[in-house]
Amino acid sequence: MSERKNPYEIIGGAAKVEELVDRFYDLMALEEPFADLRAMYSEDLSSSRDKLKLFLSGWLGGPDVYSPKYGHPMLRARHLPFKIGLKERNQWLACMYRAMEDCGIDGQIGAQLEESFFNTADWMRNQAN
């Protein structure tokens, strides 16, 4: 009987999560199409990078390393101070999808993660547009 792997294991564990998050923030910082998204963050992205790495670990089915350090993620509550509409959601998704592609996260797992990221990002919207 084969053991079913979770997305965290399928993509390559902690090393791949770190690569993905670093690529995401590098793209956000360097690519013009993501300038509005970048403007929502503080100048120093190190804390944001670290938190997303910790969060994605558990979100993808790996170790829950975010909650012991920061408490329950409360994604919507933590993002309420930011105006997140369609434009912001779409930029975040485009940046993440590009990072996934650049990191070789594709095929069935890529499609599954794109859908999950979309659902989560869309749920984060707090602007009517």
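This briefing covers the nonpolar core, the helix packing, the cysteines and several loop and helix residues of the structure above. The model is predicted, so local features need pLDDT of at least 70 and side-chain atom pairs count only at pLDDT 80 or more, while totals for chains, interfaces and linings use all residues. Residues are numbered from 1 along each chain as its sequence is written, and side-chain values use heavy atoms, with hydrogens and water left out. Helices are DSSP runs (H or I, at least four residues), numbered from the N terminus, as strands are (E, at least two).

**Nonpolar core**

- The largest nonpolar core holds 33 residues. Such a core is a set of buried Ala, Val, Leu, Ile, Met, Phe, Trp, Tyr and Cys residues joined through side-chain atoms within 4.5 Å.
- Buried here means under 20% relative accessible area, exposed means over 50%, and partly exposed lies in between (1.4 Å probe, protein chains only).
- Phe 24 and Leu 56 have the most contacts inside this core.
- Two or more residues of the core come from each of helix H1 (7-11), helix H2 (13-30), helix H4 (46-59), helix H7 (86-102) and helix H8 (107-123).
- H2 gives the largest share, seven residues.
- In soluble globular proteins, nonpolar side chains tend to be buried together.
- Not counting residues up to four places away in sequence, Phe 24 touches Leu 37, Leu 52, Trp 92, Cys 95, Met 96 and Ala 99. Contact means heavy atoms within 4.5 Å.

**Helix packing**

- Two packed helices are described by the angle between their axes and the distance between the axes. The axes are lines fitted to C-alpha atoms, for helices over the stretch in contact, and angles run from 0 to 180 degrees between N-to-C directions.
- Angles under 35 degrees count as roughly parallel, over 145 as roughly antiparallel, 65 to 115 as roughly perpendicular, and the rest as oblique.
- A crossing is left-handed if the near helix is turned anticlockwise from the far one by less than a right angle, and right-handed if clockwise.
- H7 and H8 pack at about 160° with their axes 10 Å apart, which means that H7 is roughly antiparallel to H8. Their crossing is right-handed. Among the residues in contact are Trp 92 and Met 96 of H7, and Leu 113 and Phe 117 of H8.
- The axes of H2 and H4 come within 9 Å and cross at roughly 140°, so H2 is oblique to H4. This crossing is right-handed. The contact includes Phe 24 of H2, and Leu 52 and Leu 56 of H4.
- For H2 and H7, the axes come within 8 Å and cross at roughly 130°, so H2 is oblique to H7. The crossing of H2 and H7 is right-handed. Leu 20, Arg 23, Phe 24, Leu 27 and Met 28 of H2 take part in the contact. On the H7 side, the contact residues include Trp 92, Cys 95 and Met 96.

**Cysteines**

- The whole structure has zero disulfides (a disulfide being a pair of cysteine sulfur atoms within 2.5 Å).
- Cys 95 is in no disulfide, and its nearest cysteine sulfur is that of Cys 103, 11 Å away. Seen from Cys 103, this closest cysteine sulfur is too far for a bond.
- Cys 95 is buried, at 0% relative accessibility, and Cys 103 is also buried, with a relative accessible area of 6%.

**Residues between H2 and H3, and in H3**

- Phe 34 sits in the loop between H2 and helix H3 (35-38) and is buried, at 6% relative accessible area.
- Although 61 residues separate Phe 34 from Cys 95 in sequence, their C-alpha atoms are 7.0 Å apart. Phe 34 touches Leu 27, Met 28, Gln 91, Ala 94 and Cys 95, not counting residues up to four places away in sequence.
- Glu 31 is also in the loop between H2 and H3 and is partly exposed, at 30% relative accessibility. Its C-alpha atom is 9.1 Å from that of Cys 95, 64 residues apart along the chain.
- Asp 36 lies in H3 and is partly exposed, at 41% relative accessibility. Leaving aside neighbours within four places in sequence, Asp 36 is in contact with Lys 87 and Gln 91.

**A positive phi value**

- Met 74 is found in the loop between helix H5 (67-70) and helix H6 (75-79). Its phi is near 40°, a positive value in a residue other than glycine.
- Met 74 is partly exposed, with a relative accessible area of 45%.
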